[in-house]
Amino acid sequence: MRAARIYEGGEIVVEDVPIPSIGSGEVLVEVRAAAVLPNMAVLLSKTSPFPLHRPPPPYTLGSGGATGIIRSVGEGVKAFGLGDRVFVIEILSCGECVLCRRGMRNYCDQAGEMGLFAYSAGGLSLLEKYRDGAMAEYVRAPTANLARLPKHVDLDKAVRLGYWSIAFRGVKEAGFAPGGTVAVIGATGSMGIGAVFQVLALGATMVFAIARNRTRLEELCDLDPNRIIPLSIEDGAVVSRIREMTGGYGIDLLIDAQGFVEPTTTQDVLRAMARRGKVVLVGGVQGDISLRYDWFEWNGTTILGSLNYLISDVEELAQMMAVGLFPSERLKVRTFGLNGVSVALEEIKNAPNAFWTYVVHPWASSGSEMGY
């Protein structure tokens, strides 16, 4: 089979490798679409803001989630069968540590991402077992890394479910209830737009979409002008505008989905929280937030960090997508063959807006850019 392999120095080479052999509790998935995400180039670079641990090259590049069809089933697999449509979750977990046993696999002590990196040196042994990711015609995966996809969900657009599930996990942990007011910082990014979709579907009455680019904010607002209120940080006074539009009340839930930036906007918007409001940090903000001790006591504000996601998050979002709770028709797909992986990683940095989904089709005959 053909696969995009990483060699020393980060060079990506497309070459023929053996089709993976599967063992007990594993399946072989024919990859139909592998996600290319905006932060992948940063995380693959030597200047990544996180202390990541990579397997020795060469290995098959991973992705931010992939979709495909099960073509082979290993011994002991009962929940999945040949022909099932699945989402392959890239996040690895041991299933045995204290956090895994408590149902919090997203905080596993040995966590890593297939074909990408481990979060700590302790995760390298698990990563070595699943070192090859989904930028290939086939990928081997344990059933613990599979989410079932409904029949009518588009496999290209469904690759977004992984990134969106990161925000969804945070929204669920915050216990968001219908009728609440929400603010999403980084609303025009790949994760932020998913957060906006979710809270709208869950019954938010007012969603403040906070970002820098006014044009992108206007495009996002067009989804639901009655509930989405675009706020560009270029215009300043975000807090005063939120207070004014909520009659002084503020926001019940703040979702910070920003990438690798300073927490200036986060620090500012915190002052717009309603009492007993909740803050969920799901992005990659780099820096410190400073708040007085009595601020928490007086306002009763809860600040939650939320890492990665669970299988249930993907499957629930997939069902929501299948029944039309998300405006999936607005998502545009940009496809590449395996030879176009490097081009995709570079081009996605300048994507026109977050409605664009960048995917790799491993079975593309030309192997390079396929078009729109």
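Y119 is partly exposed in this predicted model, because its relative accessible area of 24% falls between the cut-offs of 20% for buried and 50% for exposed. F117 has a relative accessible area of 3%, so F117 counts as buried.

A search of the whole structure finds 7 aromatic pairs. One of them joins F117 and Y119. A pair of aromatic rings is described by the distance of the centres and the angle of the planes. For F117 and Y119 the centres are 6.3 Å apart, and the angle between the planes is 35 degrees. The pair is classed as tilted, because only planes under 30 degrees apart count as stacked and only those over 60 as edge-to-face.

How are the rings of F336 and Y358 arranged? They form a stacked pair, with 6.0 Å from centre to centre and 20 degrees between the planes. F336 belongs to strand β18, which covers residues 332-336, and Y358 belongs to strand β19, which covers residues 356-360. The pair therefore ties together parts that are 22 residues apart in sequence. Are these two residues buried or exposed? F336 is buried, at 0% relative accessibility, and Y358 is buried too, with a relative accessible area of 4%.

Other rings can be found elsewhere in the model. W164, F197 and F326 are linked into a cluster by ring pairs. A ring can also have a charged residue over its face: R330 lies over the face of F355, at 5.1 Å from the ring centre.

Technical notes. Residues are numbered from 1 along each chain as its sequence is written. This is a predicted model: local features need pLDDT of at least 70, side-chain atom pairs count only at pLDDT 80 or more; totals for chains, interfaces and linings use all residues. Side-chain values use heavy atoms; hydrogens and water are left out. Rings of Phe, Tyr and Trp (its six-membered ring) pair if their centres lie within 6.5 Å; planes under 30 degrees apart count as stacked, over 60 as edge-to-face and the rest as tilted. Buried means under 20% relative accessible area, exposed over 50%, partly exposed in between (1.4 Å probe, protein chains only). Helices (H or I, at least four residues) and strands (E, at least two) are DSSP runs, numbered from the N terminus. A charge sits over a ring if NZ of Lys or CZ of Arg is within 6 Å of the ring centre and within 35 degrees of the ring normal.
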